[in-house]
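Student: I've got a model open and I'd like to learn how to read it. Can you walk me through it?

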Amino acid sequence: MSIQAPPRLLELAGQSLLRDQALAISAMGELPRVLYLPLFMEAFSRRHFQTLMVMVQTFHLETLKALLEGLHMLLTQKDRPRRWKLQVLDLRDIDENFWAGWPGAWALSCFPEAMSKKETAEDCPRMEEHQPLKVFIDVCLKEIPQDECLRYLFQWVYQRRGLVHLCCSKLVNYLMPIKYLRKSLKIIHLNSIQELEIRNMSWPRLIRKLRCYLKEMKNLHKLIFSRCHHYTSDNELEGRLVAKFRSVFLRLEHLQLLKIKLITFFTGHLEQLIRCLQNPWENLELTCGYLLEEDVKCLSQYPSLSYLKHLNLSYVLLFRMSLEPLRALLEKIAASLETLMLEGCQIHYSQLSAILPGLSRCSQLTTFYFGRNCMSMDALKDLLCHTSGLSKLSLETYPAPEESLNSLVRVDWEMFTPLMAELTCTLREVRQPKRIFIGPTPCPSCGSSPSEELELHLCC
């Protein structure tokens with residue numbers, strides 16, 4: 001018979017303090033460090049959101065200044081202490097080192113999954129004595145003029161070039177002007193960037209101003225462009241810009257994921273990008289725009305895309321082209337594809353037969369989004385029958401059949417209900433679905449969406 005260990009005093013202290021939330025918040029400024037984690041975990045488990053909000057805000061500018069100035073004193077010493085071991089200052093998201101720093105094994109028992117995230121030698125290579133201190137941070141450039149901590153850190157690193165290297169594994173630029181992004185890239189060691197996301201920027205400006213920096217990001221694995229736009233109608237100029245962008249891709253030897261939202265800029269030029277990719281890709285997302293048939297055709301012709309696991313072409317208009325190139329691509333990647341998203345592509349039921357043979361071979365497919373396309377009842381039945389061999393499908397979405405739409409192209413629920421039952425019966429004759437959603441998303445009746453734990457959408 002096992003005897004359950006009694007609660008630790010730290011746990012009891014946290015529980016006691018949280019009985020009075022106002023007292024817990026007022027005491028936050030004088031909270032002993034050793035009590036911070038137990039109180040944080042207790043507040044999280046009890047859903048004391050106001051206390052959590054205050055606790056997160058306790059790490060402020062003065063604390064950062066004290067930390068960095070202390071480091072400066074050590075870094076500038078000619079003769080460092082014999083026991084000097086500091087090589088890396090990690091200011092990124094919480095990892096196992098944070099939890100292990102607290103007394104006892106209590107923290108580790110709360111979050112055992114944190115211990116599974118091991119840093120490799122490549123992440124933090126061992127440095128010889130007097131080599132620069134490496135400071136790791138993930139940067140989100142959203143409101144840098146107002147983000148005093150980030151601005152102070154950048155200034156501190158810039159003033160100590162040679163003594164400190166600022167390493168950034170993930171860099172995201174939201175709405176900040178390009179000049180702030182360029183200033184940041186001048187401070188950050190470009191080889192350390194593994195994931196780069198740029199939003200809301202014009203393609204011509206992005207290529208002209210950032211191409212020289214992108215070329216130096218030789219360890220880049222993920223490249224994401226979201227809502228980048230262009231306003232030029234000069235095809236010759238556009239071709240030159242794409243060629244310059246292609247020269248960047250030739251340097252990105254480790255790139256494995258590319259996401260581009262609003263891809264109009266690459267219409268007719270996609271082959272120039274795909275042709276220069278060397279290593280196998282696992283994830284390709286080209287969304288919200290339009291492609292030519294020749295663009296889709298090139299996707300199936302290059303070895304680098306032979307092992308795709310995730311393909312997202314949502315809201316790429318495909319209704320005016322033959323889908324034979326898409327069929328060829330699906331057949332090529334059938335053995336590896338796990339996620340296929342063709343939502344909102346305006347695919348017409350007359351085009352559907354072209355891709356069904358390729359789709360039916362995707363035996364590893366777990367997620368299939370096909371909502372917001374124009375499908376008749378017969379076409380949907382044919383589609384569902386072609387998924388009979390896709391036993392690993394765990395989430396799938398389909399549009400409401402056009403026979404259930406009224407004159408305003410909206411679902412008439414009285415007509416939709418029996419058709420829904422008929423489609424469900426058809427599907428269950430070929431396999432047992434797990435999570436399936438048929439109809440407009442999200443459902444205007446119950447508000448549910450395909451990402452929720454739905455066994456079958458039958459609420460209407």
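Tutor: Let's go from the whole chain down to single side chains. Keep in mind that this is a predicted model.

Student: Fine. How many helices and strands does the protein chain have?

Tutor: The secondary structure comes to 18 helices and 17 strands. The chain has 460 residues, and 46% of them count as buried.

Student: What do the contacts say about the chain?

Tutor: For that, look at sequence separation. Among contacts between residues at least 6 apart in sequence, 77% join residues at least 24 apart.

Student: And what is the accessible surface of the protein chain?

Tutor: About 24300 Å², with 52% of that belonging to carbon and sulfur atoms.

Student: Now the strands. In what sense do strand 3 and strand 5 pair?

Tutor: A general point to start with: side chains in a regular strand alternate between the two faces of the sheet. In this model, strand 3 (residues 139–141) pairs with strand 5 (residues 170–173) in the parallel sense, over three bridges.

Student: Which bridge partner does Leu171 have in strand 7?

Tutor: Leu196. Strand 5 also pairs with strand 7 (residues 195–199), again in the parallel sense and over four bridges.

Student: What about aromatic rings? How many pairs does a search of the whole structure find?

Tutor: Five aromatic pairs turn up. Take Phe368 and Tyr398: their ring centres are 5.9 Å apart and the planes sit at 75°, so this pair is edge-to-face. That label goes to planes over 60 degrees apart. The pair links distant parts of the chain, with Phe368 in strand 15 (residues 367–369) and Tyr398 in strand 16 (residues 395–398), 30 residues apart.

Student: Are Phe368 and Tyr398 buried or exposed?

Tutor: Buried means under 20% relative accessible area. Phe368 counts as buried because its relative accessibility is 1%, and Tyr398 is buried at 1% as well. For a cluster of rings, look at Phe225, Phe245 and Phe249, which are linked by ring pairs.

Terms used:
Residues numbered from 1 in each chain as written. Predicted model: local features only at pLDDT ≥ 70, side-chain atom pairs only at ≥ 80, totals over all residues. Heavy atoms only, no water. Pairing = 2+ DSSP bridges. Helix = DSSP H or I, 4+ residues; strand = E, 2+ residues; numbered from the N terminus. Buried < 20%, exposed > 50% of the residue type's maximum accessible area, 1.4 Å probe, protein only. Contact = heavy atoms within 4.5 Å. Areas by Shrake-Rupley, 256 points an atom, 1.4 Å probe, with all protein chains shown as cover. Phe/Tyr/Trp six-rings, centres within 6.5 Å; stacked < 30°, edge-to-face > 60°.
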